[in-house]
Amino acid sequence: MASHRKSRPVGTRVAGIRTPALATAALTSVALLSQSANAAPADDKPSLEEVEKKVDDLYRQAESATDNYNAAKEKTATQRKQVDTLLDDVARRTEKLNEAREELGSFAAAQYRTGAAAPDTATFLLADTPQDYFDQTQLMGRLTNRQKGAVDDYVSEQSATMKKRQEASQSLQTLTETQSDLKTAKATVQKKLADAREMLSELTAQEKARLAALEKQKQEAAARKAAELAQQQAAAEKAAQEATAPQESTSTATDSSYATKAAKALAFVRAQIGKPYVWGATGPDSYDCSGLTQAAWKAAGVDLPRVTYDQVNAGTTVSLADAQPGDLVFFYDDISHVGLYIGNGMMIHAPKPGAYVREESIYYDGESAIHSVVRPA
């Protein structure tokens, strides 16, 4: 989720890839959904299919808001470090400024005590010897130069300190604004989750059983679609091996390197199966979707950005037919969800609040929900 202030262009499909719409627009759609639900007559009860869709939409919009929360949280941490660095710099410069002020004071005090000024004819006449006169002249010249240097240092340090204070003040203001964004995003997530829980709590036991049956049917259809993809990929891989069997190439070495890293990411993500989805979590006890993929690839030595719509740009986009284990599979127009592809049309992901990290078909929400596939290393 981008910083609450990060602009994301509204776009269309380009070469089969859909660009993200603004997260705020997505959140607005949920508000409109709630308004229309409230406007409906009390006796016009939605079907279970409609309830399921509304709940899924609420969870998905909560996940999008979670990305906004994650980005704002990450930005807050970065800005806090910048502010602390600026304040430390101001403190050091203030101390240096005080030292320069003290040095100027010592020069002024010395001149006051001695009545020192540039040597003149009277000084020459009072000197015991011409050499004493020249010695005094040189001494006063050095004193004057040092005093001038001290004044220049003071003025320069004073200007630099004022500039750093202004920068620190501006950074503190920006930090305060980002913290406000963080609070707003957090409230949005909590509201969407509460709406989804309330909607589910109003279902009768019979309706819940039927809803579970609908979910099972959807999973079975997704599994069949995943099996078809697995067969297609296996056939394509066999054909590619037969076509390139006699040849050794750099591409083979590159594929091997990626497979090694992907194996580490897959080993990590498999070990997380069964851990709960928690919005904003990055492990080790719980994860949200992008927190899981980030942690998995970190275990393979690859640093991914924190949020989904940054992760989608952190690699090479490949077609779904060319997807390999370890690739990132992104979902929805607003790129609000991501999973780690494990092969055969399946992935491991942190699905939604109330669920656990699990293995599931990439078609769990239909083929149209798949946004793109990205190879991160």
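**Entry 1: Asp195 and Lys191**

I looked up Asp195 and found its side chain in a salt bridge with Lys191, at 2.8 Å from N to O. A salt bridge here is a side-chain nitrogen of Lys or Arg within 4 Å of a carboxyl oxygen of Asp or Glu. Side chains of opposite charge can pair when their charged atoms come close. Both residues sit in helix 4 (residues 130-201), four residues apart, which is about one turn of the helix. I noted that helices (H or I, at least four residues) and strands (E, at least two) are DSSP runs, numbered from the N terminus.

Lys191 is partly exposed, with a relative accessible area of 45%. The cut-offs: buried is under 20% relative accessible area, exposed is over 50%, and partly exposed is in between (1.4 Å probe, protein chains only).

**Entry 2: ground rules**

I am reading a predicted model, where local features need pLDDT of at least 70 and side-chain atom pairs count only at pLDDT 80 or more, while totals for chains, interfaces and linings use all residues. Residues are numbered from 1 along each chain as its sequence is written, and side-chain values use heavy atoms, with hydrogens and water left out.

How many salt bridges does the structure hold? I found five. In one of them, Arg306 pairs with Asp288, and the closest N and O atoms are 2.9 Å apart. This pair links distant parts of the chain, 18 residues apart. Arg306 lies in the loop between helix 7 (289-298) and helix 8 (308-311), and Asp288 in the loop between helix 6 (250-271) and helix 7. Both Arg306 and Asp288 are buried.

I also checked Glu360, whose side chain meets that of Arg358 in a salt bridge (3.2 Å, N to O). Glu360 is at 8% relative accessibility, so it counts as buried. Arg358 is partly exposed, at 28%.

**Entry 3: the cores**

Next I looked up nonpolar cores. Such a core is a set of buried Ala, Val, Leu, Ile, Met, Phe, Trp, Tyr and Cys residues joined through side-chain atoms within 4.5 Å. The largest has 46 residues, and Trp297, Leu328, Phe330 and Leu340 have the most contacts inside it. Which element gives the largest share? Helix 2 does, with nine residues.

Contact means heavy atoms within 4.5 Å. Leaving aside neighbours within four places in sequence, Phe330 touches residues including Thr308, Ile335, Ala369 and Ser372.

I then turned to Ser372, which is in strand 8 (residues 370-375). Ser372 is buried, with a relative accessible area of 4%.

Where is the cis peptide bond? I found it from Gly283 to Pro284, with omega near 0°. Pro284 lies in the loop between helix 6 and helix 7.

Tyr332 has a positive phi of about 75°, although it is not a glycine. I placed Tyr332 in the loop between strand 4 and strand 5. Tyr332 is buried, at 11% relative accessibility.

Asn344 is not a glycine either, and has a positive phi of about 60°. Asn344 sits in the loop between strand 5 and strand 6 (346-349). At 53% relative accessibility, Asn344 counts as exposed.

**Entry 4: the whole protein**

I counted eight helices and eight strands. Of the 377 residues, 37% count as buried.
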